[in-house]
Amino acid sequence: MIGFGLALVGVGAAIHLYIFVMESLTWTSARTRATFGTSREEAEATKELAFNQGFYNLFLAVLVVLGIVLYATDRHDVGLTLVVAGAGSMVAAGLVLILSSPSKARAALVQLVPPLLGVVGVVVGLVA
């Protein structure tokens with residue numbers, strides 16, 4: 001079950017890596033603007049904020065990936081700590097998005113469901 005949980009938090013890390021790319025690297029492109037529903041003017045005005053926010057998503061993904069690698073190299077305690085901290089932060093960020101912008105619930109669920117299920121899988125695997 002731990003392996004299944006780690007796979008799901010890995011999916012969460014991949015999603016957050018993609019969000020990093022959109023927010024920090026392609027924020028003003030037509031495709032990213034369409035994804036986030038922003039105009040060219042809005043994207044230009046918020047470019048610095050999005051750039052910074054994208055790095056938060058990158059750091060969460062790095063925590064999770066590092067945790068998975070450490071777990072795979074028999075550093076189970078440190079690895080799972082990083083996985084749960086990183087994935088738990090992804091879940092918390094998704095909840096903040098739902099609560100602050102209910103119209104973005106779909107995006108929030110994409111962001112939070114895989115890491116949530118992953119953490120549940122890891123915890124179940126630990127107690128089983």
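**Exercise 1.** Is Phe-4 buried or exposed?

*Solution.* The model is predicted. Start with the location: Phe-4 is found in helix H1. Next, take its relative accessible area, which is 53%. Exposed requires over 50%, so Phe-4 is exposed.

**Exercise 2.** Classify the ring pair of Phe-55 and Phe-59.

*Solution.* Pairing requires ring centres within 6.5 Å. Under this rule there are four aromatic pairs. For Phe-55 and Phe-59, the centres are 6.0 Å apart and the planes meet at 50 degrees. Stacked would need under 30 degrees and edge-to-face over 60, so this pair is tilted. Now place the two residues: both belong to helix H3 (residues 40–72), four residues apart, and so about one helical turn separates them. In an α-helix there are 3.6 residues a turn, so residues three or four places apart point the same way. Phe-55 has 26% relative accessibility and therefore counts as partly exposed. Ring pairs also bring in Phe-20 and Phe-51, which form a cluster with Phe-55 and Phe-59.

**Exercise 3.** Check the span of helix H4 (residues 76–100), then state what its buried residues pack against.

*Solution.* Buried residues of H4 include Gly-79, Leu-82, Gly-86, Met-90 and Gly-94. The buried residues of H4 pack against helices H1, H3 and H5.

Notes:
Residues numbered from 1 in each chain as written. Predicted model: local features only at pLDDT ≥ 70, side-chain atom pairs only at ≥ 80, totals over all residues. Heavy atoms only, no water. Buried < 20%, exposed > 50% of the residue type's maximum accessible area, 1.4 Å probe, protein only. Expected span 1.5 Å × (residues − 1). Contact = heavy atoms within 4.5 Å.
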